[in-house]
Number of protein chains: 2
Amino acid sequence: MLEEVRRANRDDLVDGILVQLPLPPGYEPRRVFDSLDPLKDVDGLHPENVGRLLQDRPRFIPCTAAGILALLDAYGIPIVGANAAVLGRSEIVGKPVAALLTSRNATVTLCHSRSRDLAATCRRADILVVAIGKPGFVTRDFVREGAAVVDVGINRLTSLEEAPPALRESARLRAAIAEKGRALVGDVDFDGVSSLASSITPVPGGVGPLTIAMLLQNTVKAARLRRGK
Amino acid sequence: MLEEVRRANRDDLVDGILVQLPLPPGYEPRRVFDSLDPLKDVDGLHPENVGRLLQDRPRFIPCTAAGILALLDAYGIPIVGANAAVLGRSEIVGKPVAALLTSRNATVTLCHSRSRDLAATCRRADILVVAIGKPGFVTRDFVREGAAVVDVGINRLTSLEEAPPALRESARLRAAIAEKGRALVGDVDFDGVSSLASSITPVPGGVGPLTIAMLLQNTVKAARLRRGK
């Protein structure tokens, strides 16, 4: 695996390298990311690129985080001066989104599974980004009226029993499980929250497609960077 | 300057390199930090070290930030589950302190000069770290009863007129200016806040000495790392 990465690092025809997780057993993701040429690290996970992001001079912004900002901008959600809550502190989503929103002059609270008063903290947010990996975890109690809600969760359910009570009443969820035996749901109870939020991303079809677009954007940037353009 | 750094990078007798700011005119601090050998960067400002900190595997923690955590630990201030507010988002203090408190399972709000509802946000904090560079900016209004307050500000005043109204009543400040024509004050109105906080650091003599101790600790770590110990 590391030999494969080194080969791609050296290959002048390769502009960007994306390491798709999860890796096969026996491989430490961090060692693989550390071995990437930082100039080809289009998912922005090499420590040098993570550091540059925190220093307000990003080279490659992790794709999902970049997609979330692109989405907020496309819909004209004000970021400067906004109170933002980011729920989940992963390296791929939560931390880079918090850094980006801070760079853009939002006041950011980074919450996680061990936070106290989680619903109350989220309820103060004008922008709520949820990436905690728990189906339907964010209910109406977490959302301020008029907030913009970005749901990054993608949870695969194969039965209604796996859903929390609030989600079980969703007609769409019931139909999907009855018809296909499975359903994709976000971390937010969409039906409950959507009447309260000013805007909210669906799952699937919300943040996901943006992630792919940002990956391509980063790859074009990588190609230009290596050619000094 | 860059040649000087490269020489120190190569010199096997040099274990740690600290770039003292401000640099003479014409030098871009970032270019100088980027040119440091990351293994000798004892103030933790090379992007690779910044990235490693955000990835919860710090090599060198910026000294002031490390000192603040050491102080909280030495006085037994609970961090896990605490609500923390960090006022100021500098690369040397605010951002690394926020990252460290998040790593330790606090819920961190990173505030700055453009934050709305600044006093109310700070008032929710069990731990309040202030590094905003404004003498006496944080008054009683910003502090929850029983909070731990860490004042990172060091402001040099040469007259009472430079102090905000709340500070002008301070007997210590008046005495210092009358006797020596100058005084060092923090970002926190110590006299006003100290009766409300459970603990509070003085200026000078609070965080400052810890910064030096952490620098030595990082230098010892650097020496060991380079020798593979």
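Q: In β4(A), which residue is the bridge partner of Val129(A)?
A: In this predicted model, Val129(A) has Val150(A) as its bridge partner in β4(A).

Q: How many bridges join β3(A) to β4(A), and do they run parallel or antiparallel?
A: Four bridges join them, and the two strands run parallel. β3 of chain A covers residues 127-130, and β4 covers residues 148-151.

Q: What does β4(A) pair with besides that?
A: β7(A), residues 199-200, through two bridges. That pairing is parallel too. Ala148(A) has Ser199(A) as its bridge partner there.

Q: Are the faces of β4(A) covered or open?
A: Both faces are covered. Ala148(A) and Val150(A) are buried on one side. Val149(A) and Asp151(A) are buried on the other.

Q: Which strands make up the open sheet, and in what order?
A: Ten strands, with mixed pairing. The order is β7(A)-β4(A)-β3(A)-β1(A)-β2(A)-β2(B)-β1(B)-β3(B)-β4(B)-β7(B).

Q: Which are the edge strands?
A: β7 of chain A and β7 of chain B. Each pairs on one side only.

Q: Where do the chains join in that sheet?
A: At β2(A) and β2(B), which run antiparallel and share three bridges. Val108(A) stands opposite Leu110(B) there.

Q: And what joins β1(A) to β2(A)?
A: Five bridges, with the strands running parallel. Val86(A) faces Leu110(A) across that pairing.

Q: New topic. How many residues of each chain are in contact with the other?
A: 36 residues of chain A touch 36 residues of chain B.

Q: How much area do the two chains bury between them?
A: About 3,200 Å², with 43% of it on carbon and sulfur atoms. In chain A, Leu54(A), Gln55(A) and Arg116(A) lose the most area to chain B. Together they make up 19% of what that side buries.

Q: Is Lys95(A) buried or exposed?
A: Buried, because its relative accessibility is 9%. Asp56(B) is partly exposed, at 44%.

Q: What about a salt bridge within chain A? Which residue does Arg226(A) pair with?
A: Asp15(A), with the closest N and O atoms 2.7 Å apart. The pair links distant parts of the chain, 211 residues apart. Arg226(A) is in helix α10, and Asp15(A) is in the loop between α1 and α2. Asp15(A) is buried at 18%, whereas Arg226(A) is partly exposed at 26%.

Q: Last one. Where does Thr64(B) lie, and what is it in contact with?
A: In helix α4 of chain B, residues 63-74. Neighbours within four places in sequence aside, Thr64(B) contacts Val93(B), Val152(B), Val207(B) and Thr211(B). Thr64(B) counts as buried because its relative accessibility is 13%.

Definitions and conventions:
Residues are numbered from 1 along each chain as its sequence is written. Chains are lettered from A and ligands numbered from 1 in the order in which they are written. This is a predicted model: local features need pLDDT of at least 70, side-chain atom pairs count only at pLDDT 80 or more; totals for chains, interfaces and linings use all residues. Side-chain values use heavy atoms; hydrogens and water are left out. Buried means under 20% relative accessible area, exposed over 50%, partly exposed in between (1.4 Å probe, protein chains only). Contact means heavy atoms within 4.5 Å. Buried area is the accessible area (1.4 Å probe) that two parts lose on being put together, summed over both. Two strands pair if DSSP finds at least two bridges between them. A salt bridge is a side-chain nitrogen of Lys or Arg within 4 Å of a carboxyl oxygen of Asp or Glu.
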